[in-house]
Amino acid sequence: MIISHIIGGLGNQMFQYAAGRALSLKCECDLLLDISAFTNYGLHQGFELQRVFNCTTGIATETDVRKVLGWQSPSFVRRIVLRSSMEKFRSEEFVVEPHFQYWSGINDLTEDCYLYGYWQTEKYFAAEAEQIRKDFTFKLPMESNNAELAQHISQVNSVSLHVRRGDYVSNSKNIATHGLCSLEYYLVAIQHIAKHIECPHFFIFSDDIAWVKDNLKIDFPHQYVDHNYGAESYNDMRLMSMCKHHIIANSSFSWWGAWLNPKVDKVVIAPKCWFANKTNIQDLIPQSWVRL
């Protein structure tokens, strides 16, 4: 069996699931999700995959993890062998992502392994893209506000625009790691869309809509989406995915909002500066997307 360690917000959970799912299909074995790290986890909305999407993958038990990792299965032992200085003591089955860019070693893995990492590139699951999109179809029907907005999105040349601030601004560690997309990035991206897309209509998503209204001036038809909060925030991703084109933030949430749009002629604009700490992102942005 393949076990994927799941943690983080919805976008991170999706990358971790997708890498494990693609590997399990390649190896023709079961995938289980280890969600034990969400115990006492106070960030975001907790484990969301099975609440939000039509993915029915099982949840790994302590016994399942022990079958794969043996004596390294207890969480305190895993924390120890996760240290780079302890790498030589890790079992072969304990597969830790070695770096942020694509790691070709995943192709050499067979069944019975535990995946630990973020796995943030479609290269890990591009061969199974059709199945991943099926797994990530949204489970619940849309309620009135979102249903009306979805209809509007379908009737115009819709462009999702995502501005992430929130925990990037309020948490000093996060802003040191991620940084913020500049106003210049959004203005240049909007102009790029205007040059290539006829009559664009922008749908603006943000965890700080007030800031966006005060600072980002858009001289095209636009609408602010500000009603999906808390447990309903995933609906922003659903609405993003329904748009025809996309301007994303340095956020896995809007990355997936763009990727879930299956249109081959979509224009997706992504920031070429994703991290403030200069992490190598050569494989994060698909080749067909525009980096600005």
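Cys 29 is buried, with a relative accessible area of 14%. Buried here means under 20% relative accessible area, exposed means over 50%, and partly exposed lies in between (1.4 Å probe, protein chains only). The model is predicted: local features need pLDDT of at least 70, side-chain atom pairs count only at pLDDT 80 or more, and totals for chains, interfaces and linings use all residues. Residues are numbered from 1 along each chain as its sequence is written, and side-chain values use heavy atoms, with hydrogens and water left out.

Stay with the cysteines. How many disulfides does a search of the whole structure find? It finds zero. A disulfide is a pair of cysteine sulfur atoms within 2.5 Å. The closest cysteine sulfur to that of Cys 29 belongs to Cys 27, and the distance of 5.0 Å is too far for a bond. Cys 273 is in no disulfide either; its nearest cysteine sulfur, in Cys 181, is 8.0 Å away. Cys 273 counts as partly exposed, at 46% relative accessibility.

Next, strand S2, residues 31-34, which holds Leu 33. Helices (H or I, at least four residues) and strands (E, at least two) are DSSP runs, numbered from the N terminus. Leu 33 is buried, with a relative accessible area of 0%. Its contacts, meaning heavy atoms within 4.5 Å, include Ser 4, Ile 6, Tyr 17, Phe 47 and Leu 49. Leu 33 also touches Thr 57, Gly 58, Ile 59 and Ala 60. These contacts do not count residues up to four places away in sequence. Thr 57 is 24 residues from Leu 33 in sequence, yet their C-alpha atoms are 7.1 Å apart in space.

Now take helix H12. Are its residues buried or exposed? Ser 252, Phe 253, Ser 254, Trp 255, Trp 256, Gly 257, Ala 258 and Trp 259 are buried. That is eight of the eight residues of H12, so the helix is largely enclosed by the rest of the structure. The buried residues of H12 pack against H1, helix H5 (129-135), S6, H11, strand S9 (245-247) and strand S10 (268-270).

Two packed helices are described by the angle between their axes and the distance between the axes. Axes are lines fitted to C-alpha atoms, for helices over the stretch in contact, and angles run from 0 to 180 degrees between N-to-C directions.

Helix H1 (residues 10-27) packs on H12 (residues 252-259) at about 60°, with the axes 7 Å apart. That makes H1 oblique to H12: under 35 degrees is roughly parallel, over 145 roughly antiparallel, 65 to 115 roughly perpendicular, and the rest oblique. The crossing of H1 and H12 is left-handed. On the H1 side, Leu 10, Gly 11, Asn 12, Met 14, Phe 15 and Ala 18 take part. They meet Ser 252, Phe 253, Trp 255 and Trp 256 of H12. This contact has seven nonpolar residues, three polar and no charged.

Helix H11 (residues 234-242) packs on H12 at about 35°, with the axes 7 Å apart. Its crossing with H12 is right-handed. Tyr 234, Asp 236, Met 237, Met 240 and Ser 241 of H11 make the contact with Phe 253, Ser 254, Trp 256 and Gly 257 of H12.

Finally, a buried arginine. Arg 164 sits in the loop between strand S6 (157-163) and helix H7 (166-170). Its relative accessible area is 16%. Among the residues Arg 164 touches are His 44, Asp 207 and Ser 251.

How values were computed. A crossing is left-handed if the near helix is turned anticlockwise from the far one by less than a right angle, and right-handed if clockwise. Ala, Val, Leu, Ile, Met, Phe, Trp, Tyr, Cys and Pro count as nonpolar, Asp, Glu, Lys and Arg as charged, and the others, Gly among them, as polar.
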